[in-house]
Amino acid sequence: MLKLLKINFLFCFFLILSVVLEAQPKNPFGKPLIPDMIADASIQEINGTFYCYSTTDGYDSHLDTSGPPVVWKSKDFANWSFSGYYFPSAIGQVYWAPSKAVAANGKYYIYPTVNGFMYPAVANSPDGPFELAKGDDAFIKPFSPATLLSSKSNKDPVGIDAEIFIDDDRQAYVFWQLRHAAKLNADMVTVDTTYVTIPTPRKGYSEGPVFFKRKSIYYYLYTLEGDEKYQYAYVMSRESPLGPFEFPEKDIIAATNYERGIFGPGHGCVFNLPGTDQFFFAYLEFGRRSTNRQTYVNKLEFNKDGTIRPVHLTLGGVGALRPIPQDKKVTVINSYASSICPDLDIKYMKDSLFKRIESFEPSFAFDGSNGSRWMASPEDKDNWIVADLGKSQKIKQSKVYFVRPTAGQAYILEYSDDCKIWNSCGGHSGLKIQSPHTDNLNIISRYLRIRILEGVKGIWEWNIY
């Protein structure tokens, strides 16, 4: 009888536990690279710092707008930050798909698509400030003579998504939408008029080209389709960046993986750690539909004959690539907020098998993932979140990554021992364009609270040290 009671007790316990676990909201977005919505990433390491130039997503107007140009930087590839804008004259324009910053002529050049046209820009540093490399540093709609490609007729110049490659002999090349390629002249702002269309076995619309070289082999990656159907294929050449090309039998390296819940791996880049044979593939993922995407990174591996292995796509990322000492995080044992935004049921666009629901629990601000977030209810007038550390302890620092940081935030940081009387210890009343927002503290407390004054009322991650 006693044995039967024990069995029944255990059965009930595990049944209740399974119901509780099932009721807990899940994060379907894994661990994207950056605590923000970004797409079309161009990533590189320059003098020991990783730079990520990208399209800033999450501005809720689809292709009609974008966020401003910011460059995320990291020393370890795990902790990213930005401060201000790197291309002042492009603020307020529709700014997409910047290339990597390439060094030439004692300067750095970058090639974004602005208002639907490719432009060359130049700066003395990869941090900027960049300005248009031709003519006045001002954008004219729909386009100006400062575009990278000049029209050969009365029609508009064409082309988006510039990818720049500089070969060992210092000859520069530009690749762009619809499989086009050409040599860049030595000035880095004009293009040889002999354009090439790269032959590929798979036809149809293509954008987001990626080009790189490894062990004397040139690789050209091109996208197919879009949205949840995005995928990457490639061709390769052992002779020159413009061919002739070989067509590997297994040429699709990234596509939707239903088992792992990864949809539409699209426009990104390939980069490697200088001086090593470690290569990485960065890609956007369908995310929250339309221009609400995030970027992920996985390893890129090769066969002995130089062909590329299909990428083992995961939403877990690759972690730190250049580990540096970090202060120990304080564990947050509980969190609660003034309100929680209702769940978002994300609809599919092309693939009816896509099913994803986003929740916005306060605990998501402390889960170590850049893909989940706390969001306050749209009707909330208070907009606060509390971190409970379990006991009073010394707190050195607070770093908070707000939602849509490129538009700026203002907030108040407070502390308390009883969750009744609050004292101010940080924050700022004016909008600041940066992420994270860091407050250096020297306090002993159990509770911390953030009250958001201006900006989007949400937090990707809040790290306390």
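The following conversation concerns a predicted model of one protein chain.

Reader: What is the average pLDDT of the chain?

Author: The average is 93, and 94% of the residues score at least 70; pLDDT is the predictor's confidence in each residue, from 0 to 100. In this predicted model, local features need pLDDT of at least 70, side-chain atom pairs count only at pLDDT 80 or more, and totals for chains, interfaces and linings use all residues. Residues are numbered from 1 along each chain as its sequence is written, and side-chain values use heavy atoms, leaving out hydrogens and water.

Reader: Which residues touch the most other members in the largest nonpolar core?
Author: Among its 27 residues, they are F212, Y219, L221, I253, F281, L300 and I308. A nonpolar core is a set of buried Ala, Val, Leu, Ile, Met, Phe, Trp, Tyr and Cys residues joined through side-chain atoms within 4.5 Å; buried means under 20% relative accessible area, with a 1.4 Å probe and protein chains only.

Reader: What is F281 in contact with?
Author: Beyond its neighbours within four places in sequence, the contacts of F281 include L221, Y232, V270 and L300.

Reader: On the open sheet, what is the order of the strands?
Author: The order is β20-β21-β22, with antiparallel pairing. Strands are DSSP runs (E, at least two residues), numbered from the N terminus, and two of them pair if DSSP finds at least two bridges between them. β20 and β21 have five bridges, and N272 stands opposite F279 in β21.

Key
Buried < 20%, exposed > 50% of the residue type's maximum accessible area, 1.4 Å probe, protein only. Contact = heavy atoms within 4.5 Å. Helix = DSSP H or I, 4+ residues; strand = E, 2+ residues; numbered from the N terminus.
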